[in-house]
Amino acid sequence: MHSLQALYGGTFDPVHYGHLKPVEILANQIGLQRVTIMPNNVPPHRPQPEATPAQRKAMLELAIADKPLFVLDERELRRDSPSYTAQTLEAWRSEQGPEKPLAFIIGQDSLLNFPTWYQYQTILDNSHLIVCRRPGYPLMMKEEQHQLWLEQHRTYQVEDLHTRPAGKIYLAETPWFDISATLIRQRLQQGLPCDEMLPVPVLRYIQQQGLYQKSSN
């Protein structure tokens, strides 16, 4: 029996409990042994990170130091070009071999935009998709053809994720933590406390590095 491995990408600028806790709960719910956190270097879909790749890597290392579920993958940080999930998952699949069950974890907001992703159709060839629910986001795709795509691939059986290498979409009932990196950056700029929002070692590092402070320009 191959154990299911999952990949979890993001900008992590900075990493916070809203990233970590839903995934830890998800791991318990569906029996995930290992989640590979992969920070993007140049995210194609959004503004560029404020922290450098080295700083974001350091924050992640501090955040997961006491969490054996997580392992860090730096491959996208080493690339100077935009990281496309489709290409990353293709590479990951070729390393892991054709049989191993692999999954990619995204938020519900990402699922709704998924058809705009580069070569999105190829992603399910290489992995499952596990979607963490977010309140306030619709459960229907914007276009009928994409809704059909979702329904064709959707599974309600966790077992499918463990027994098949790829190809299924699972909507997980994870709790929502109302925390965002944007909110944390704003609070830090205003000198407001963020202790409840991210691990203490990460907060200390942010303060040591003088990250996300009031803009000096």
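I take contact to mean heavy atoms within 4.5 Å. The model I am reading is a predicted one.

**Entry 1: helices H2 and H9**

I looked up which residues of H2 and H9 meet. From H2 I noted Ala 54, Gln 55, Ala 58, Met 59, Leu 62 and Ala 63. Across from them, H9 supplies Pro 201, Val 202, Tyr 205, Ile 206 and Gln 209.

Next I took the geometry of the pair. H2 covers residues 53–64 and H9 covers residues 200–209. Their axes are 8 Å apart, and the packing angle is about 150°. Angles over 145 degrees count as roughly antiparallel, so I logged H2 and H9 as roughly antiparallel to each other.

**Entry 2: Asp 73**

I then went to Asp 73, which sits in the loop that runs between strand E3 (70–72) and helix H3 (85–96). Is Asp 73 buried or exposed? Its relative accessibility is 14%, and buried means under 20%, so I wrote Asp 73 down as buried.

I checked what Asp 73 touches, leaving out residues up to four places away in sequence. The list is Thr 36, Ile 37, Met 38 and Pro 39. I also took the separation of the C-alpha atoms of Asp 73 and Leu 7, which is 9.1 Å. These two residues are 66 residues apart along the chain.

For the side chain of Asp 73, I found one of its polar atoms 2.8 Å from the backbone nitrogen of Arg 75.

**Entry 3: Thr 88**

I moved on to Thr 88, which is in helix H3. Thr 88 has a relative accessibility of 4% and therefore counts as buried.

Which side chain makes a polar contact with that of Thr 88? I found Glu 76, at 2.5 Å.

**Entry 4: cysteines**

Last, I looked up disulfides, taken as pairs of cysteine sulfur atoms within 2.5 Å. The count is zero. I noted the accessibility of two cysteines. Cys 132 is at 10% relative accessibility and so counts as buried. Cys 194 is buried too, with a relative accessible area of 2%.

Terms used
Residues numbered from 1 in each chain as written. Predicted model: local features only at pLDDT ≥ 70, side-chain atom pairs only at ≥ 80, totals over all residues. Heavy atoms only, no water. Helix = DSSP H or I, 4+ residues; strand = E, 2+ residues; numbered from the N terminus. Buried < 20%, exposed > 50% of the residue type's maximum accessible area, 1.4 Å probe, protein only. Polar contact = N/O pair within 3.5 Å; in protein donor to acceptor, adjacent residues only side chain to side chain. Axes fitted to C-alpha atoms, helices over the stretch in contact; angles between N-to-C directions. Parallel < 35°, antiparallel > 145°, perpendicular 65-115°, else oblique.
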